[in-house]
Amino acid sequence: MTASPRHLLFSLSVLFLLTACQSDDPAPALSPEPSLRVEVGTDPHSFAEFERVHIRHMRLDLDADMNRRTLSGHVVLDLERPVPGFQRLVLDTRDLDIRDVNAVRPDGTFLPVSWRLGADHGHLGQPLVIVLPQGIEQVRIDYASRPEAFGLQWLDAAQTSSGKPFMFSQSQPHYARTWVPLQDTPAVRYTFEATVRGPRDLMVVMGAAGNLFERNDSGEYHFEMPEPIPSYLMAIAIGDLVFAETGPRSGIYAEPEWIEAAAAEFDVLEEMIDIGEDLYGPYRWGRYDLLVLPPSFPFGGMENPRLSYITPTIIAGDGSLLGLVAHELAHSWSGNLVTNAAWRDLWLNEGFTVYFEARIMERLYGTDVRDQLAVLAWDGLNETLQTADERDRQLVRDLSDRDPEQAFMRVPYDMGRFFIDWLEHRYGREVLDTFLRQYFDYFAFRSITSEDFLDYAREHLIEAHPGRASLAEFEEWLYQPGLPDTAQEIRPRSDAFTEVDGWRENWQTGVVGLAELPVADWSVHQWRHFLIGLEGLLDAGTMAAMDEQFALVEQQNYEILFLWLMRSIEAEYTPGIERLESFLLEVGRNKFTQPLYAALAASDWGRDWAVEVYQRARPGYHPLTRQAAERALGLTD
Ligand SMILES: [Zn+2]
């Protein structure tokens, strides 16, 4: 990495504060003082100098205290030293209490070493600098997380359906450092083992092998992750969990209240795995289970390997929102197997995954549903591209001076997906599928950059199949803002949506009445398209008439309900606002809460009311949801 002025400034500030402050007395130094100059590494969101020394295996031993909201214990890191003489290990930490650091000699005895915790760099946390004596390849760190750990959400008994406490992690993009001191960059992969002790009436699960099908009596659980993963895929959850099998290598974990509905909704899970394997080669992670989290989970899903996390807000009773499950499963190839090396390359994880998800949905539900979903994505992407910053309108984005949380917007997902759609259009499905299978195979269990992809594609697509697409066209997709003109070649169309457009227009112009709309035949996605097309066009009286006809305010499908609540804010529609209040108190999924709070804040009547509701909802929200809501409401920057 070439040092930009900003990086220089950054490293100097670390240098100064390492010299000036020491947050803990180091153990008696049997080795030299740590060299104090720390720079952010190749990954601008990590202090890890992973090209010189990196973690290859980790042993976690943790006690979970649900009352004090801490994980405490130790981690032993096995190191590999590509630069053997390099005498320093730098780890990422944020809000961790580091109690002790020891090197472990080959005979297992401890050797106290010098270590320092550097200055606090906000969301990046503090570098933990450890002197590495010669011949040492193992380090043990005794530590505890704090109740405010950004990557952990602790729910007390009153906030769950089981009436028992719950805790879950969310490590992506750079929150693993809030519960384990480690090299918190997707560029580093390691295997791990873990022993975790929790309360005896709760069950501990991890994104790893070894999850039990029943709670054990000791409260102690053992896990192993034999495939090397990056830190953002570290996952742990503790709660009153039960298990339901959906197939020989798949099943569902959830609190008792959710398990039956979830197992019924997700009963296609095993079939989805089979489809994934048929498309892009073997599933390499053993089992694939889902953990249904409480509604406060800030995301739709999180692709933690072997145990993906899922929001209960996709349990619609009819399987209509299973695209999200297909998405998390698809990450078992794109993302978990072949991983973006830094967050600037997020489209490598998400764009391929949205494409893969669409292929699974096409197999399960046919081309009509696939096209409806594609049009929704295309319209949403184009809306985002109109309002996004210039620097956020391209696939490969410079995030080096920003919180990597900002990587997660529509562009890497949907524009990435349409780029792969375009490759399919230019090369044909057969060639592209062969290419993708080889790509997943060649880069399996590796972390790569956009340029690695481009090099591979140049050889295996551009040069192997000349005349179909040029390097310049590839580069335009990756590095130029906005959709390139060539994207029009793959602009999706849906006859089902065209019909809806016709009915909407006829209704709005008085040609037909509400009762004549053929909604009994409409898919959930047609409903979504119908309601999106009514943005800003409804008044409270019309909405009341629609509710009388369709009972939208009582919708069980959260995607439809969300759109109805957005329309309710615009029209100041009282029954919708009442439902909105209970919705915001129950659901913490950012995709819904952020735009709802933003719309309320932008309205001329709703901001104060929204702030009041937010204050009541806040204790049940994840730190990420709080952060986004507070920004939307103008409570923080
Ligand atoms: Zn994803």
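How many bridges join β2 to strand β8? Seven of them do, with β8 covering residues 138–145 and the two strands running antiparallel. Residues are numbered from 1 along each chain as its sequence is written.

When I say helix or strand, I mean a DSSP run, H or I of at least four residues for helices and E of at least two for strands, numbered from the N terminus. Two strands pair if DSSP finds at least two bridges between them.

Confidence next. pLDDT is the predictor's confidence in each residue, on a scale from 0 to 100. For this chain the mean is 93, and 94% of the residues reach 70 or more. Residues 1–32 have a pLDDT below 50, and that stretch makes 45 contacts in the model beyond near neighbours in sequence. By contact I mean that the C-beta atoms of two residues, placed from the backbone, lie within 7 Å. Where pLDDT is low, the predicted coordinates should not be read in detail.

Now the domains, with bounds that come from an automatic or database domain assignment. Domain 1 spans 5–240, domain 2 spans 337–493 and domain 3 spans 514–632. Between domain 2 and domain 3, the C-alpha centres are 31 Å apart. Four residues of domain 2 and five residues of domain 3 make the contact. On the domain 2 side there are three nonpolar residues, one polar and no charged. For those classes, Ala, Val, Leu, Ile, Met, Phe, Trp, Tyr, Cys and Pro count as nonpolar, Asp, Glu, Lys and Arg as charged, and the others, Gly among them, as polar.

Back to β2, please. This strand, residues 70–80, pairs with β1, residues 54–65, in the antiparallel sense over 11 bridges. Along that pairing, D61 has H74 as its bridge partner, and M58 stands opposite L77. The hairpin leaves four residues between the strands, and R69 there takes a positive phi near 60°.

Next, a four-stranded open sheet. Its order is β9-β10-β14-β12, and the pairing is antiparallel. Why do β9 (152–155) and β12 (203–206) stand at the edges? Each has a single partner strand, so one side of each is left without a neighbour in the sheet. From one strand to the next the twist averages 10°. β9 is joined to β10, residues 166–169, by four bridges, and L152 stands opposite S169.

P173 sits between β10 and β11 (190–197), and the peptide bond from Q172 to P173 is cis, with omega near -5°. F445 has a positive phi of about 60° although it is not a glycine. You will find F445 in the loop between α8 (429–442) and β21 (446–448). As background, most residues other than glycine have a negative phi, and most peptide bonds are trans.

Inside it, β17 (288–292) and β19 (307–310) run parallel and are joined by four bridges, and L291 stands opposite Y309.

Last stop, a helix pair. α14 (558–571) and α16 (590–602) pack at about 10°, with axes 10 Å apart. That makes α14 roughly parallel to α16, a label for angles under 35 degrees. The contact is made by Y558, F562, L565, M566 and I569 of α14 with F592, P595, L596, A599 and L600 of α16. By class, that is 10 nonpolar, no polar and no charged residues.

Note on methods. This is a predicted model: local features need pLDDT of at least 70, side-chain atom pairs count only at pLDDT 80 or more; totals for chains, interfaces and linings use all residues. Axes are lines fitted to C-alpha atoms, for helices over the stretch in contact, and angles run from 0 to 180 degrees between N-to-C directions. Angles under 35 degrees count as roughly parallel, over 145 as roughly antiparallel, 65 to 115 as roughly perpendicular and the rest as oblique.
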